[in-house]
Amino acid sequence: MTEKYKAILNLPHPELRHPRMSMLNRAAQFASFDALEGYEEAVQEEARLTEPEKGIGEAEAEELDRMLRRLSEKKQPPVTALCFVPDERKAGGSFQTFTGRLKKVDLFNGQLILTDGTVLPLGRILKLDSPEEKDDE
């Protein structure tokens, strides 16, 4: 150590006009901040996966049509429908299964309506099952 610092080495710490800042407050002033508001949400949204919509073939469409006609003649039969649901924010969507009782097949509007109010577009239904149809076979 050089001679010029020996004179001040053991002197008491000078008192300041302001009280010393706590360690917590000192650390807080250097903490990271969200400089890009919404950035994290945008990254999560981009990482979320969707599936492309798949249609059904002509044979499957004919079978679905026959099933809809048979079910529409019954009084609120139980049904399970596999349906493509488009994503609200990005291209594609997901395949979801809906289960309930059939209220109405609305051919005019192209909808299958369940008793709980769920409305499924007929053009997005990939598969339709009913235990009552299996009993009839």
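Mentor: One term to start: contact means heavy atoms within 4.5 Å.
Trainee: What share of contacts between residues at least 6 apart in sequence join residues at least 24 apart?
Mentor: In the protein chain, 51% of them do. Keep in mind that this is a predicted model, where local features need pLDDT of at least 70, side-chain atom pairs count only at pLDDT 80 or more, and totals for chains, interfaces and linings use all residues. Residues are numbered from 1 along each chain as its sequence is written, and side-chain values use heavy atoms, with hydrogens and water left out.
Trainee: What's the order of elements from the N terminus?
Mentor: α-α-α-α-β-β-β-β-β-α. Helices (H or I, at least four residues) and strands (E, at least two) are DSSP runs, numbered from the N terminus.
Trainee: And what does the C-alpha trace span along its principal axes?
Mentor: About 105 × 30 × 30 Å.
Trainee: How much of the chain is buried?
Mentor: Buried residues are 16% of the 137. Buried means under 20% relative accessible area (1.4 Å probe, protein chains only).
Trainee: Switching to strands. How do strand 2 and strand 3 run?
Mentor: Antiparallel, with four bridges joining residues 93-106 to residues 111-114. Two strands pair if DSSP finds at least two bridges between them. Lys104 stands opposite Ile113 in strand 3.
Trainee: Which residue in that hairpin takes a positive phi?
Mentor: Gly110, near 65°.
Trainee: What about strand 3 and strand 4?
Mentor: Also antiparallel, joined by three bridges. Leu112 stands opposite Leu120 in strand 4. Four residues lie between these strands, and Gly117 in the turn has a positive phi of about 95°.

Terms used. Buried means under 20% relative accessible area, exposed over 50%, partly exposed in between (1.4 Å probe, protein chains only).
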